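Dear colleague,

Please find the structure below, handed over for your review. My notes on it follow directly after.

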Amino acid sequence: MTLDGEALEQLRKRARAGGADKYHAANAAKGKLFARERVALLVDEGSFVEDGLYANALAEGLPADGVVTGTATIDGRPVCLMANDSTVKAGSWGARTVEKIIRIIERAYSTGVPMVYLVDSAGARITDQVDLFPGRRGAGKIFWNQVRASGSIPQVCALFGPSAAGGAYIPAFCDVVAMVDGNASMYLGSDRMVEMVTGEKTTLEAMGGARVHCAESGVGHFLCKTEAEALDVVRRYLSYLPANWTQPPPAAEATPAPAKADLAALVPASERQAFDMRRYVKGLLDDGSFFEIQALWARELTIGFGRLDGEVVGVVGNNSMFKGGVLFVDSADKATRFVQLCDAFNVPLLFLSDVPGFMVGSAVEKQGIIRHGAKMITAISEATVPKICVVVRKAYGAGLYAMAGPGFEPDATIALPTAKIAVMGAEAAVNAVYANKIAAIADEAERAAFVAAKRAEYERDIDVVRLASELVVDAIVEPHELRAELVRRYAAARTKDRHFSRRRHGVTPV
């Protein structure tokens, strides 16, 4: 078949138009943009080069086979991307759809550039399952390529609609997922399928909506109000990461910490009084640079990227505003994944410790708190990027280990004057050792005096100056000196040897 210029232009126009007008209108009514509009909003103007535009061009009603793929630049840096077109059979996958997605991930991996997924898909077309599902270049090859690329190139997903059945694993294999509230969802089985299989009556929103995954399951990382906000998350996330694992994170112009930040005033003297670690982080880093990840899930731990004197760091901090900063199953998993992410892409780690330890009790033991805690400690051990532990207020029990304490080869353990490091807090320790004697003292005043004396004795035993004198901590730093101290220490650690162990890989305690 020979095409003249006009016929070719008509073919292109049909392919770029997507599905029927009624599907465009239905999406617009939900506040959803056309897939090509999303791409245009995300990438630098004029930079997008499309692949596979004519996929399934001979079929009726399958322009580009429902997915847009190609290369572009974002803020001048190359990326590969895919975008489901939900106006074409609800963005479902056919054989050519799958092949296009596989090819673009392979290109991202082979050229060493980030891979962006703009997802809005009802999943596989059941009618085409033999062509797209089981073969060597079937849908499974998408996930194989994602796993191969993980830690080699950044992979980021913005989810605008459903990500159904097997397709839900595309977001799951990404570093982070931004979800648009009210429209985005992830689920392995639809509400109708769930009712048929289990008898449970539910809805897609209640089972797999954006808020569920960002606040409860932890599969989502950013809950966004609009599609523009989700695209901005993609852009900002990539601004902190290198193109691939062989490169350093991109530096930016250094900016000072917020002028009004008073780190000393943010930390209460009493351990019983909570404070917001997010405010502390923002006061320590370059002004406006903190980019929190998973802000709604496992909130007792704060994680995110930021900059110190223009250089990227990954921050892990205990937040006593939520559950006292105690580590739970979810917060251990949250830390594990973030530490692995930073280590993969050469982002130095900063641990800000105010941790009472891991949660205890029958409920968390049944959830596997030991193996989840072991997984976190494994990630801390294996991380070879520069890492610094700052004991802001306390590091008790295995919480010290989980926050990269001295035994885990941090490049420095820094204590603030408010710092305490111990197996447990004074109150718990005195009760553990002297419970019977305390109970035997009948006079209330005498009992209180005894407890106070033993607490004071315990506090002297874990005094921060004693810990520094025995080289448990490398420095005691005033809060106003901390930022400059960190800048100098990270600069000194930049060329460290990153070899860890003679092996192929460890056996993760999952």
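Ala-90 counts as partly exposed because its relative accessibility is 38%, which falls between the limits of 20% for buried and 50% for exposed. Please bear in mind that this is a predicted model. Ala-90 is placed in the loop between S3 and H4, and its phi is near 60°, a positive value in a residue other than glycine. Lys-89 belongs to the loop between strand S3 (77-84) and H4. Although Lys-89 is not a glycine, its phi is positive, at about 45°.

Helix H4 itself spans residues 95-111 and includes Lys-100. Lys-100 is buried yet forms no salt bridge. The nearest side chain of opposite charge belongs to Glu-50, 4.9 Å away, whereas a salt bridge requires the atoms to be within 4 Å. The side chain of Lys-100 does reach the backbone oxygen of Gly-52, at 2.9 Å. Leaving aside residues up to four places away in sequence, Lys-100 touches Asp-51, Gly-52, Ala-55, Ala-64, Val-67 and Thr-69.

A further point concerns the surface. Met-193, Met-196 and Val-197 make a nonpolar surface patch of about 350 Å². Of these residues, Met-196 lies in helix H8, which covers residues 191-198. Met-196 counts as exposed because its relative accessibility is 68%, and the limit for that class is over 50%.

With kind regards

Terms used
Residues numbered from 1 in each chain as written. Predicted model: local features only at pLDDT ≥ 70, side-chain atom pairs only at ≥ 80, totals over all residues. Heavy atoms only, no water. Helix = DSSP H or I, 4+ residues; strand = E, 2+ residues; numbered from the N terminus. Buried < 20%, exposed > 50% of the residue type's maximum accessible area, 1.4 Å probe, protein only. Lys, Arg positive; Asp, Glu negative; His and termini not counted. Polar contact = N/O pair within 3.5 Å; in protein donor to acceptor, adjacent residues only side chain to side chain. Contact = heavy atoms within 4.5 Å. Patch = residues over 30% accessible without salt bridge, like charges linked within 9 Å, V, L, I, M, F, W, Y side chains within 5 Å. Areas by Shrake-Rupley, 256 points an atom, 1.4 Å probe, with all protein chains shown as cover.
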